[in-house]
Amino acid sequence: MKPPIILFITSIVIALCMIIYGGCYSTYKVYEMSGAQKSETPFYDWFKETEIIVGATFSGIQRIADGRMVALSSYRSMMHQKLWKFCPS
Amino acid sequence: MTLRKKVQILSAIALNSSFFFEFKSLCLPVLNCHSCPLAIFACPIGMIGQFSALHLFPFLIMGILLFFGALIGRLFCGWCCPFGLLQELLYKIPSPKIHIARHFEKLKYLILAVLVIALPFFFGSNTPFFFCKLCPPATIQSALPWAIIRQELPELIPGLLRVTLFLAVIILAAASLRAFCKILCPLGALMGMFNKFSLLFITKNNADCTRCKNCERECPMGITFDTNNSTNGRRSSECILCLECGRKCSASRSLGIRNSL
């Protein structure tokens with residue numbers, strides 16, 4: 001028995017919806033709650049959600065006690081300098 | 001050198017050659033550490049862990065994984081993963097070989113659930129047992145290069161733990177082909193779920209199948225004939241579409257979308 005093609009098509013549709021939602025719409029919400037100024041994060045582009053996470057990965061943006069996310073570093077180069085905190089782990 | 005080996009080598013170079021540009025906003029379904037100084041893309045497992053730590057659902061990353069998974073299953077594992085290539089090379093080292101029991105394969109699902117999702121969710125990404133802080137590919141791609149670049153030693157206990165685990169995985173990979181993929185890789189656990197309905201899969205001519213089970217003996221993932229067989233309609237979540245099973249097979253196996261296993 002072959003896997004139903006409908007399952008494959010449904011998966012592709014859901015995947016595309018998630019990519020569009022995650023890449024565009026939900027990022028605004030994430031960024032609004034971040035409290036970070038756009039001018040503080042020059043690396044910020046339309047993939048804002050993942051950029052914030054990349055920032056978090058590099059210890060650049062972190063969630064603070066009240067649930068907001070704040071930008072700790074202003075520039076990507078500074079985040080890369082902070083990489084050591086994450087990387088050798 | 002086989003086509004797959006050439007693709008693996010080219011992929012390892014391509015994924016780690018960010019001399020002029022990088023796309024760390026995006027990820028591919030490959031366990032390639034984004035903290036590597038030369039990595040182009042983000043690591044999906046690292047990103048999922050970070051999202052978990054921030055209590056956010058990773059729509060974009062999961063969308064990308066689902067998209068690739070539905071289209072090509074675990075093809076990236078077999079053809080593009082740099083750590084998979086390293087393990088295959090390590091296995092060529094003359095050493096005692098062992099067989100890993102199948103029930104250990106469940107361990108990677110536990111790692112995905114606990115070390116990648118639950119621990120960072122409850123304790124944040126700085127918890128010492130967060131997967132990225134132990135990840136063997138990250139040790140060789142990031143921790144060691146950055147230690148050399150920065151000329152600094154990591155913290156003693158986490159550093160020792162990480163290096164010990166890395167050495168254990170290296171030894172295990174030399175003794176059992178793709179041991180890390182079989183029992184530890186959380187990305188393999190995630191992508192394996194998509195094997196069940198992916199468009200691309202291994203195809204074979206059932207009429208020519210003699211049930212010789214040479215495919216079992218050649219499979220680097222230790223998949224048995226009955227768990228990946230078109231005659232009973234089963235697809236294994238462990239299959240990495242490497243086509244090693246077709247080496248001594250009379251049923252003309254290939255990658256395709258028709259008559260797939």
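Me: Which domains does the domain assignment of chain B give?
Reply: Domain bounds here come from an automatic or database domain assignment. This is a predicted model, where local features need pLDDT of at least 70, side-chain atom pairs count only at pLDDT 80 or more, and totals for chains, interfaces and linings use all residues. Residues are numbered from 1 along each chain as its sequence is written, and chains are lettered from A in the order in which they are written. For chain B the assignment gives domain 1 (3–193) and domain 2 (200–256).

Me: How many residues of domain 1 of chain B are in contact with domain 2 of chain B?
Reply: Two residues are in contact if their C-beta atoms, placed from the backbone, lie within 7 Å. On the domain 2 side of chain B, 12 residues take part. On the domain 1 side, the number is 16.

Me: Which helix of chain B gives the most to the side of domain 1 that touches domain 2?
Reply: Helices are DSSP runs (H or I, at least four residues), numbered from the N terminus. Helix 3 (59–72), helix 4 (75–79) and helix 9 (179–183) of chain B each supply at least two residues of that side. The most, 3 residues, come from helix 4 of chain B.

Me: Where does the largest nonpolar core, with its 78 residues, lie?
Reply: Such a core is a set of buried Ala, Val, Leu, Ile, Met, Phe, Trp, Tyr and Cys residues joined through C-beta atoms within 7 Å. Buried means that 20 or more other C-beta atoms, placed from the backbone, lie within 10 Å of a residue's own. Both domains of chain B give residues to this core, so it lies between domain 1 (3–193) and domain 2 (200–256).
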